[in-house]
Amino acid sequence: MTSRPAAGGGRWVEVDPGRVARWVEGFADRHGPPTTTVEGYGLLLTAPDGATAELHTPPGAPATADVPGFVAAAGKPRRLGLLLARKGAVAVGVAEGPDLVVSKVDARYVQGRTAAGGWSQQRFARRRDNQAKAALGDAAELAVRLLLPEAARLAALVGGGDRRAVDNVLADRRLAPLAALRAERLLDVPEPRHAVLVGAVAAARAVRILVRDPEPA
């Protein structure tokens, strides 16, 4: 389980699907038995002391009306596509439940910032732009080869890394079936490598919970 502060207050907690039921029990023990409300993102738990927990439905899982249904849906194995992109690197994969069953990582050099006194800014910008476009083209081709044939079997496509880079890859018209499956979640990952792709499977399957503690008296 991981935790980090949330913009606007509270904290985000990421919980493995198999531990969600225990997490909800712990929330009830700390704050009292909560009421459950169905929301667009999933379920809202409101405790008697004012604490709340937003249970966000993980990518590819169906909407549910109660906690037992949510737990069952979150824990059910799903086939997810992964598209991680950052700068000149891309990683694509397919996960069956917690297992990565298809994977490919590719990287193309993209010039970084130049030191003072180097090439003119315009020349540098043109070269860097060309390198970035070539890298995105390679990423799209990789997605066409490995992810597009899986589109009909995927419950969702989860992106990660740089949002603009992922957007640009999925802008390829050939990838429209994948773009239609894209989940709102964007994984925060470093430069895509195979180990990063493996770790992204758990992050894509995790249940995100926004917890807000009761206001002090």
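In the predicted model, Glu 150 has a relative accessibility of 12% and therefore counts as buried, although its place is in the loop between α3 (121-146) and β9 (156-161). The side chain of Glu 150 is joined to that of Arg 79 by a polar contact of 3.0 Å. When residues up to four places away in sequence are not counted, Glu 150 touches Arg 79 and Val 94.

The largest nonpolar core comprises 20 residues, of which Leu 83, Val 90, Leu 147, Leu 170, Leu 175 and Leu 178 touch the most other members. At least two residues of this core are supplied by each of β6 (79-86), β7 (89-96), α3 and α4 (163-170), and α3 gives the most, with five residues. Once neighbours within four places in sequence are left aside, the contacts of Leu 83 include Val 90, Leu 147, Leu 157, Val 166 and Leu 170.

Within helix α2 (residues 67-75), Val 67, Phe 70, Ala 73 and Ala 74 are buried; seen down the helix axis, the buried residues of α2 fall within an arc of 130 degrees and so line one face of the helix. These buried residues pack against α1 (20-31), β3 (35-39), β4 (42-46), β5 (52-56) and β11 (207-212), whereas Pro 68 and Ala 72, on the other side of α2, are exposed. The N-terminal end of α2 is capped by Asp 66, a side-chain oxygen of which lies 2.8 Å from the backbone nitrogen of Gly 69.

Conventions
Residues numbered from 1 in each chain as written. Predicted model: local features only at pLDDT ≥ 70, side-chain atom pairs only at ≥ 80, totals over all residues. Heavy atoms only, no water. Helix = DSSP H or I, 4+ residues; strand = E, 2+ residues; numbered from the N terminus. Buried < 20%, exposed > 50% of the residue type's maximum accessible area, 1.4 Å probe, protein only. Polar contact = N/O pair within 3.5 Å; in protein donor to acceptor, adjacent residues only side chain to side chain. Contact = heavy atoms within 4.5 Å. Core = buried A, V, L, I, M, F, W, Y, C linked by side-chain atoms within 4.5 Å. Arc of directions from axis to C-beta.
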